[in-house]
Amino acid sequence: MIIVVLPAYNAHQTLEKTYNEIPFDVVDDVILVDDCSSDDTIELAKRLGINHIYRHDINKGYGGNQKTCYNLALKLGATIVIMLHPDYQYTPKLIPAMVSMIQTGIYDVVFGSRMLGKQALKGGMPTYKFILNKILTLGQNIIINQNLSEYHTGYRAYSRKALCGINYNYNSDDFLFDNQVVCQILYSNYNLAEISCPTNFFREASSIGFAKGVRYAYGVIVTSFLYRLNKMKLINSAIFNR
């Protein structure tokens, strides 16, 4: 069963456009988790006919939202889970390609990368964000000895095996969650592929603020060093325990 999860927060203006582009000839079901939005995201989701809608009574953060998404998807029996932002920053049209790469059995995880093919700047990513993304990615590649084009994409497809094989519920409830998952996937030696993905930066798209961005960058570096120290068997962090 292939399930798309939508971690939503104040997504009323973009949810319908995102949902309407989901390829339902490939996707079996959709889960939307609303992180205590102040708009009518829930009402719109109901009008669109989304089968599984869940609302947090309090805001649990971006990572906390994803934890609920993945737990619900696995409970429903998902074999592949695609995490898609409902803010239309990433196109759902790549879902068939991402799913097929996992279905081959060669890859366990597929990321939609904005950095392959210069898609980020073409899609309107601010130059300073592009540069910081490149710097953080280079730093992580050096520290953890990998060669990814991007660690910070929010467009991801996971096999059931990969999600069940990492301790994602232990991760941060904030934006660092995504980066911790990358490190967990690599630490556990799951096969990860990247696919070039166009992106759309516009006013309604979600964006991390400066203060949170600084905390995120610090957390990324800390997570990378934890990865390296655990690989060297110098420490034993709970984040990498299965």
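**Basis.** I am working with a predicted model, in which local features need pLDDT of at least 70, side-chain atom pairs count only at pLDDT 80 or more, and totals for chains, interfaces and linings use all residues. Residues are numbered from 1 along each chain as its sequence is written, and side-chain values use heavy atoms, with hydrogens and water left out.

**Sheet.** I looked up the strand order first, taking helices (H or I, at least four residues) and strands (E, at least two) as DSSP runs numbered from the N terminus, and counting two strands as paired if DSSP finds at least two bridges between them. I found an open sheet of seven strands in the order β3-β2-β1-β4-β6-β5-β7, with mixed pairing. Strands β3 (52–55) and β7 (192–196) stand at the edges with a single partner strand each, so one side of each has no neighbour in the sheet. From one strand to the next the twist averages 20°, where axes are lines fitted to C-alpha atoms (for helices over the stretch in contact) and angles run from 0 to 180 degrees between N-to-C directions.

I then noted the helix α3 (residues 61–75), which packs on the sheet and touches β1 (2–8), β2 (29–34), β3, β4 and β6, its direction making about 155° with that of β1; contact here means heavy atoms within 4.5 Å. Helix α8 (residues 176–187) also packs on the sheet, touching β4, β5, β6 and β7, and its direction makes about 40° with that of β6.

**Strand β6.** I followed β6 (residues 156–159) next: Arg156 and Tyr158 point one way, Ala157 and Ser159 the other way, and all are buried (under 20% relative accessible area, with exposed over 50% and partly exposed in between, for a 1.4 Å probe and protein chains only). Strand β4 (residues 80–83) pairs with β6 in the antiparallel sense over four bridges, while β5 (residues 109–113) runs antiparallel to β6 and is joined to it by three bridges. Ala157 stands opposite Ile82 and is also the bridge partner of Val110.

**Ile82.** I checked this residue of strand β4 and recorded it as buried, because its relative accessibility is 0%. Beyond neighbours within four places in sequence, its contacts include Ile2, Val4, Ile95, Val99 and Tyr155.

**Salt bridges.** I counted four salt bridges, each a side-chain nitrogen of Lys or Arg within 4 Å of a carboxyl oxygen of Asp or Glu. Arg55 and Asp34 meet at 3.6 Å, N to O; Arg55 lies in β3 and Asp34 in β2, so the pair ties together parts that are 21 residues apart in sequence. Asp108 and Lys161 meet at 3.3 Å, and here I noted that Asp108 is buried at 8%, whereas Lys161 is exposed at 53%. Arg114 and Glu150 meet at 2.3 Å, with Arg114 buried at 6% and Glu150 buried at 0%.

**Surface patch.** I finally looked up a nonpolar patch of about 510 Å², made by Ile221, Phe225, Leu229, Met232, Leu234 and Ile235. Patches are made of residues with over 30% relative accessible area and no salt bridge, like charges being joined within 9 Å and nonpolar side chains (Val, Leu, Ile, Met, Phe, Trp, Tyr) within 5 Å; accessible areas come from the Shrake-Rupley method with a 1.4 Å probe, and for residues only the protein chains shown count as cover. Leu229 lies in helix α9 (residues 210–231) and counts as partly exposed at 31% relative accessibility.
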